[in-house]
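This briefing walks through selected features of one protein chain, topic by topic. Please keep the sequence and the structure in view while reading.

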Amino acid sequence: MKRICEGFAAWSSRLMKRIRSCHRCKRVRKSQESPKKKRKEKAQQGISRRLGVSASEESLWAQFCSQDLHLSSPQDHHGNPLPSFKVAYQLWREAFSMYPWPLVTRVKRCWDKLKKWLSNNFPEAEATLRRGASESDIEQLQTLLKVKLPLPTRLLYRFHDGQEVVDDKENSRRAVGSSLGIIGGYSFYNHLVNVYLLPISQVIVETRGVIRHLGFSSRSKYVMLAASSAYSEKLFFLNCTNGQLYVGTRNLPTDGEMIPCVPSALIRSVHSLHGDQQQDAMLLWLEEHGRRLENGIIKVRKEQGVRSINLFPEVPLLCSTAVTNGVQVRASAVFVPEFADLQNEVEKYRFAYSIRMSLLPEGCVINGMTFGSCQLSRRHWIIRANEDIISDFSGEAVIGKFPLLHPGEDEFVYESGTPLPSSSGSIEGSFTFVPGRLADPKGSPFEAQVARRLGVSASEESLWAQFCSQDLHLSSPQDHHGNPLPSFKVAYQLWREAFSMYPWPLVTRVKRCWDKLKKWLSNNFPEAEATLRRGASESDIERLQTLLRVKLPLPTRLLYRFHDGQEVVDDKENSRRAVGSSLGIIGGYSFYNHLVNVCLLPISQVIVGTREVIRDLGFSSSSKYVILAASSAYGQKVFFLNCTNGQLYVGTRNLPTDEEMIPCVPSALIRSVHNLHGDQQQDAMLLWLEEHGHRLENGIIKIRKEQGVRSINLFPEAPPLCSTAVTNGVQ
């Protein structure tokens, strides 16, 4: 710290000498400048500034559209093209003005994730998605069914009105073919389920019919939102009062028995128009479904020439894999709620399990001998409820078949089911194979193991994992310092506690900003990433505010909670050099003998620099400026944050004499910089860093190596900010 302060004091002293020198020369310069020359320079500066601000402002609107709405081109919520990102963003805000904006962006992300996966993997199902419902469509549903839809579900329908359905004689709720439900399903024995989302018109018809016959109380306010489009019945009901989603059991027709789909503790503020915490079970359910699709946990499977989303998990930890003598056996299970009987203590729950067996390309290998095939003869199963064995049996074949396996062939798949008295359990066992064929064995029988596979007890943890992934981009449970934690539930709760004094949407936005920057730095400029300091504590920030008598805008305060600027060391060439003059994460440029490379200052240096420089520049105490970034190279460039209005300024050549500065961000974009409520907080520092990350991520600015030194170069590299012309092969 002592070296830092001494170094910064030396730099400050040099700057003050320049200030005093400039004051002495100021009158001489002014007398020498002709009025004509002044007018010419002013006009030139005005033209340059107008062009620059115009481009940067549209770039910021593009960044808002990209960040909030994942738009790569300006378009409205119907997909119609628009002339600019500014117009697009404003039209989106107007179209959804009655909804909390964080909820709008969250619902759009949910649909975008689903549609991207469907487009890449199951386009025929994506084609069944209907255009979004209008507000009048939703109002008609609410009037006819006498309900008030939770806000998240209402927004889900504003983006897509379920799936397109056709009427045919076999099934009046069939979605353009029984396999195209975007929720998917499973099959075992003669039970086939494939679930799709109902359009509003059908929600009305089905709810009126089914709910009336089931005898639900009018106060319960249930609506049917999803159902199986295949031959077996599976029905989903949303309780519009509490926002919970339920699925019917086998006792639904007789007792109205249903099971909740989402832990009730996760549902909150389903009808609130204020705050940022709205989430009902329908949104949580679809988000988790999208996460499983995106991560390959569930996939499209083709059976008898028909493709559908199959809900049997395909990856660890939800799918076990064991290899014995070249025979690979994969096993997974799903809960089958439509067969559950909560009144039966012995067979309360039912699970379906999928077994997939194959022979690896190297063939069946036993004691160094390789065989070109092997055939199943027997099976042995151990089924547990919690840790209690409830079934241990052996028998010939599987579903009456003796599969013969050859290297490299498709998996042999069979599905079956079993009842359990508890909501969690496991299956394990083995299959007996003989090398060669049963009719012509080539060696002794051997047992191919089936690794123990747990049932659905992990479903709640999976939802917490989805929250951590969606809000915080966490792929493993850890706290905000990167320390590992035992579960995603613990991780999410600790994050919420650690940042409880800040609006949660702002926390997630600031983390995304840093994640984007650090990901790019890690891939392209790791030596600069290494200079980022650990996040400042609340006491560090309070100390800054006390010493400088300022109140930092909330976004900037949060930026420092994640990273306390860059590590600064003292060296003889430059007392403010950030581990080498080229490692500023903001970057810079050079021309003639002018070299600039901007780094973010740590809080300790913000205090020292602000006290020295701001005092000598004579700023009013009410202006509340702090220095947050400065050039770590030989050319001087200093950035000041006005803590009152949240604007970020950069000093001009007249900074030492006239305190002249230029704003870095259009002031119209800055709002609610000290507001602890709502979701609109953004100051210039956050906008500036987000735009910087956007330019890095999109290759607009890049790393450049000059004289063996790598640095971020701010000269744009991509159109329209970089022009390209080719003449006779010369570019």
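Helices α6 and α8 are roughly parallel to each other, because the angle between them is about 5 degrees and angles under 35 degrees count as roughly parallel. The model that shows this packing is predicted. The points below start with this helix pair and then turn to the chain as a whole, a sheet, and single residues.

**Helix pair**
- Two packed helices are described by the angle between their axes and the distance between the axes.
- Helix α6 covers residues 135–145 and helix α8 covers residues 200–214, and their axes are 10 Å apart.
- On the α6 side, the contact is made by Asp137, Ile138, Leu141, Leu144 and Leu145.
- On the α8 side, Ile200, Val203, Ile204, Thr207 and Arg208 take part.
- By type, the residues of this contact are seven nonpolar, one polar and two charged.

**Whole chain**
- The protein chain has 731 residues, of which 54% count as buried.
- Its secondary structure comprises 19 helices and 27 strands.
- Of the contacts between residues at least 6 apart in sequence, 64% join residues at least 24 apart.

- Strands of a sheet pair through backbone hydrogen bonds, either parallel or antiparallel.
- Four strands form an open sheet here, in the order β9-β10-β11-β17, with antiparallel pairing.
- β9 (319–324) and β17 stand at the edges and have a single partner strand each, so one side of each has no neighbour in the sheet.
- On average, neighbouring strands of this sheet are turned by 20 degrees against each other, direction ignored.
- Within the sheet, β10 (residues 327–335) and β11 (residues 349–359) run antiparallel and are joined by nine bridges.
- Alanine 333 has tyrosine 353 in β11 as its bridge partner.

**Two serines**
- Serine 308 lies in strand β8, which spans residues 306–310.
- Serine 308 has a relative accessible area of 17% and is therefore buried, the cut-off being under 20%.
- Leaving out residues up to four places away in sequence, serine 308 touches Phe122, Ser179, Asn194, Lys299, Val300 and Arg301.
- Serine 424 is in the loop between β17 (412–420) and β18 (425–435).
- With a relative accessible area of 15%, serine 424 is buried.
- Serine 424 and glutamate 387 are 37 residues apart in sequence, and their C-alpha atoms are 9.3 Å apart in space.

**Cysteines**
- How many disulfides does a search of the whole structure find? The count is zero.
- Cysteine 110 is buried at 6% relative accessibility, and cysteine 643 is buried at 2%.

**Backbone exceptions**
- Most residues other than glycine have a negative phi, and most peptide bonds are trans.
- Glutamine 304 has a positive phi, near 55 degrees.
- Glutamine 304 is in the loop between β7 (299–303) and β8, and at 84% relative accessibility it counts as exposed.
- Asparagine 728 also has a positive phi, near 55 degrees.
- Asparagine 728 sits in the segment after β27 and counts as exposed, at 78% relative accessibility.
- Which peptide bond is cis, with omega near 0 degrees? The bond in question runs from proline 719 to proline 720.
- Proline 720 is placed in the segment after β27 (709–713).

Key. Residues are numbered from 1 along each chain as its sequence is written. This is a predicted model: local features need pLDDT of at least 70, side-chain atom pairs count only at pLDDT 80 or more; totals for chains, interfaces and linings use all residues. Side-chain values use heavy atoms; hydrogens and water are left out. Axes are lines fitted to C-alpha atoms, for helices over the stretch in contact, and angles run from 0 to 180 degrees between N-to-C directions. Angles under 35 degrees count as roughly parallel, over 145 as roughly antiparallel, 65 to 115 as roughly perpendicular and the rest as oblique. Contact means heavy atoms within 4.5 Å. Ala, Val, Leu, Ile, Met, Phe, Trp, Tyr, Cys and Pro count as nonpolar, Asp, Glu, Lys and Arg as charged, and the others, Gly among them, as polar. Buried means under 20% relative accessible area, exposed over 50%, partly exposed in between (1.4 Å probe, protein chains only). Two strands pair if DSSP finds at least two bridges between them. A disulfide is a pair of cysteine sulfur atoms within 2.5 Å.
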